[in-house]
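Here's a quick tour of how one chain is put together. Have your viewer open as you read.

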Amino acid sequence: MSENNWNLEPSLESVAQVQIKPQYELFINGKWQAPLAATYFATVNPADEKHLAHIAQANAADVDLAVKAARAAYDNVWSQLSGAARGKYLFRIARLMQEKARELAVLETLDGGKPIRESRDIDIPLACNHFFYYAGWADKLQEAFPGQQMEALGVAGQITPWNFPLLMLAWKVAPALACGNTVVLKPAETTSLTALKFAEICQEAGLPAGVVNIVTGYGDTGAALVAHPNVDKIAFTGSTAVGKQIQKACIGTPKKVTLELGGKSANIILEDAPMDQAVEGIINSIFFNQGHVCCAGSRLFVQESIAEQVIAKLKFRLQSIYVGNPLDKNTDIGAINSKKQLETIEEYLDIGLAEGAEIYQPDCTLPSPGFYCKPTIFTDVAQSARIAQEEIFGPVLTIQTFRTMEEVVQKANNSPYGLAAGVWTANGARIFGLSSQLQAGVVWANTYNKFDPASPFGGYKESGFGREGGRHGLSAYLQFKN
Amino acid sequence: MLGNLSTPELSSLLALSPSIDQIGTLERIARIQARSIKGAAKLQGLRMALSMIDLTTLEGKDTPSKVRQLCFKAQHLHDQAPDLPTVAAVCVFPTMVGVAKKALGNSGIKVASVSTAFPSGQAPFEVKKLDTLYALDNGADEIDMVISRGRFLAGDYQFVYDEIAAIKALCGTARLKVIFETGELDSLDQVRKISDLAIAAGADFIKTSTGKIQPAATFPVVHTMLCAIKDHYDKTGQMIGMKPAGGISSSKLALQHLLMVKEVLGEAWLTNEWYRFGASSLANDLLMQYQKQLTGKYQSATYFSID
């Protein structure tokens with residue numbers, strides 16, 4: 001038996017082509033500007049807890065400068081350009097991102113902890129594609145909304161999360177610019193580096209000064225942006241708790257708001273599903289990006305008759321999931337984004353055990369130092385359990401079984417969230433039947449976690465409102481005149 | 001239960017074959033192909049692949065001399081490289097089994113014979129039986145039979161089942177590999193169904209193709225067959241062997257196939273008792289890569305013997 005052991009060797013992606021500056025300033029009006037209060041915070045690599053860089057911390061006065069720059073750029077330059085001219089800049093940015101794809105991928109992995117396979121094959125190519133896609137719309141807005149008159153909103157304040165840093169930037173910046181808005185963007189504090197690299201790309205593309213401004217910092221920086229009276233639009237992706245604060249802050253103001261918030265999405269496996277592909281779908285739905293995915297299929301519902309088999313297959317499959325150094329090309333699950341998030345996840349693991357659920361984790365050794373969590377499945381989970389109701393945002397799956405369609409629809413919809421859902425069955429009629437009853441902004445059939453710039457994304461209920469991506473994504477950055 | 005299933009029993013067995021989603025299958029394979037197999041793992045993989053080869057010659061123009069040369073190569077893959085394994089078996093037509101058996105002597109290398117009117121399977125059952133008996137009488141250790149694809153596609157599952165079970169009964173201690181010729185089957189669902197059928201009928205190995213039809217051992221087909229083997233093992237504890245044949249001509253593909261075996265079935269299958277490559281040109285590419293891995297330099301193809 002021992003001679004059959006065959007283990008892959010680490011295959012590390014080179015970090016040689018990545019230049020990280022010791023200190024980053026704020027990107028305001030096309031220039032790097034030191035924060036007025038001269039305060040900086042550190043960003044670390046979650047895979048080994050090593051220091052990467054110091055990053056400027058913007059306060060309300062810095063945000064004000066950025067908004068003023070964006071306003072001036074909107075009034076004097078960007079709103080005067082034709083759609084074709086805006087599109088030209090967006091195409092240029094997209095191409096530059098493509099040229100620097102490898103560097104961006106490594107940077108994303110270093111700063112955020114996601115496996116290089118994902119940043120290389122998913123995050124960065126998709127981010128580029130969003131710019132290409134919206135570059136194409138810039139001069140075709142009349143075709144997107146035939147018979148309507150429209151104009152840009154003005155200055156868009158955008159706040160992005162740490163799970164897909166550059167991709168979420170692309171989801172927000174590309175449509176905003178295509179529609180003629182200018183932007184002040186606040187990236188998440190643990191993952192600012194690719195946004196700052198994006199600022200360099202804007203410079204290289206010759207984007208007019210002030211069209212894109214990047215203010216780094218913590219939640220108070222974001223709050224200052226939300227509170228700024230000269231911001232016309234707030235687009236936020238992040239937690240439902242913060243989303244609610246933003247919504248409250250915007251009440252009674254003329255600001256338009258789109259929110260893309262949390263989720264506890266149901267992934268439903270019917271007994272006639274293509275079984276092995278469904279198991280792979282479960283893996284992709286919950287262990288993609290360490291489970292740091294707002295639409296992660298964190299609640300698995302398996303039809304009773306196949307539950308035992310599916311769980312056995314899932315446990316076996318977990319044995320060939322590689323957890324470890326995110327720069328290793330063979331790694332499937334990398335580092336948890338931050339110590340804080342790891343603590344949150346571990347707290348939920350304790351809660352799950354206290355709630356009496358049965359835990360399974362594969363036998364694997366985790367690197368140290370660094371923030372790591374084994375892929376985890378909980379069986380025997382009650383609908384009322386906190387681990388089945390609250391968003392964990394980690395590689396933790398809860399499994400429940402069901403007998404009838406009615407039962408699974410009720411349970412799946414019994415959540416304050418409604419971002420996404422998955423349906424696995426070989427029966428086409430059941431796909432349509434179930435997906436029409438599920439309260440979710442996205443329903444995947446026989447697949448999960450598939451994204452495309454042409455496909456709108458957004459939630460029901462407390463998962464937010466507004467759509468990003470596709471033609472729908474344009475309307476979040478336009479006002480119509482009929 | 002060998003050969004004992006009635007038509008209703010067979011029908012209910014095949015009704016349990018899960019449907020196969022092609023897109024999901026391709027995604028799973030892409031994940032495996034994205035893995036990086038380097039360094040010592042590569043060297044070990046190349047050696048493993050060499051030891052799993054069924055070195056094959058199945059030409060109308062085969063001569064005893066060619067078969068003898070092939071048998072020598074099977075035992076001396078590349079004597080310039082020390083400590084190489086031998087291949088697992090030599091695979092020939094029934095008429096060449098005697099020659100191969102004698103040439104291989106007590107080397108431990110098996111003689112596999114194709115049978116049942118290989119490659120088309122278009123002969124009456126009596127002829128197929130004689131074909132098989134001839135190979136066995138001449139000392140074949142393994143029988144590579146082809147199924148009646150026409151009957152299978154026509155939905156005559158009982159016929160195909162009975163045929164496999166009858167050949168299995170003739171085999172005695174010889175191991176039976178059942179060739180599906182997946183290039184003639186319509187879909188992955190069919191591949192799954194014939195896998196379940198052949199395993200139920202007593203196949204020791206299931207094998208993709210004859211090598212005479214393209215496409216042959218594609219990743220989706222092999223993945224589907226491995227899943228059938230895994231499900232059978234989970235249900236019964238019985239291991240079934242797998243033999244992809246045709247189309248795997250490079251080391252890179254072979255290593256990816258081995259990784260798929262490891263991830264889908266587990267390391268217990270990473271031995272030539274349970275896994276074979278049916279190939280004629282794969283061996284030399286493995287040898288070239290092996291030498292490259294050892295010496296850091298590629299050597300000219302002319303340094304490796306063709307037979």
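What follows covers the domains, a helix pair and a sheet.

## Ground rules

This is a predicted model, where local features need pLDDT of at least 70, side-chain atom pairs count only at pLDDT 80 or more, and totals for chains, interfaces and linings use all residues. Residues are numbered from 1 along each chain as its sequence is written, while chains are lettered from A and ligands numbered from 1 in the order in which they are written.

## Two domains

Chain A splits into domain 1 (23–261 + 463–481) and domain 2 (266–453), with bounds that come from an automatic or database domain assignment. Taken over C-alpha atoms, the centres of domain 1 and domain 2 of chain A are 30 Å apart. Their contact draws 22 residues from domain 1 of chain A and 25 residues from domain 2 of chain A; residues are in contact when their C-beta atoms, placed from the backbone, lie within 7 Å.

On the domain 1 side of that contact, H4(A) gives the largest share, seven residues. That side divides into seven nonpolar, nine polar and six charged residues. Here nonpolar is Ala, Val, Leu, Ile, Met, Phe, Trp, Tyr, Cys and Pro, charged is Asp, Glu, Lys and Arg, and polar is the others, Gly among them.

## The H3–H4 pair

H3 (residues 101–112) and H4 (residues 116–137) of chain A pack at about 120°, axes 9 Å apart. Axes are lines fitted to C-alpha atoms, for helices over the stretch in contact, and angles run from 0 to 180 degrees between N-to-C directions. H3(A) and H4(A) are therefore oblique to each other (under 35 degrees is roughly parallel, over 145 roughly antiparallel, 65 to 115 roughly perpendicular, the rest oblique).

Residues making the contact include Leu104(A) and Thr109(A) of H3(A), plus Arg120(A) and Ile124(A) of H4(A). The contact residues come out as seven nonpolar, two polar and three charged.

## The seven-stranded sheet

In chain A, seven strands make an open, mixed sheet, ordered E14-E15-E16-E13-E12-E18-E19; strands pair if DSSP finds at least two bridges between them. E14 (358–360) and E19 (442–445) of chain A are the edges, each with a single partner strand, so one side of each has no neighbour in the sheet. Neighbouring strands are turned by 20° against each other on average, direction ignored.

Within the sheet, E13 (residues 299–303) and E16 (residues 396–402) of chain A run parallel, joined by five bridges. Gln303(A) has Phe402(A) as its bridge partner in E16(A). Helix H10 (residues 275–287) of chain A packs on the sheet, its direction making about 170° with that of E18(A). Helix H14 (residues 405–413) of chain A also packs on the sheet, at about 150° to the direction of E16(A).

Technical notes. Helix = DSSP H or I, 4+ residues; strand = E, 2+ residues; numbered from the N terminus. Contact = placed C-beta atoms within 7 Å.
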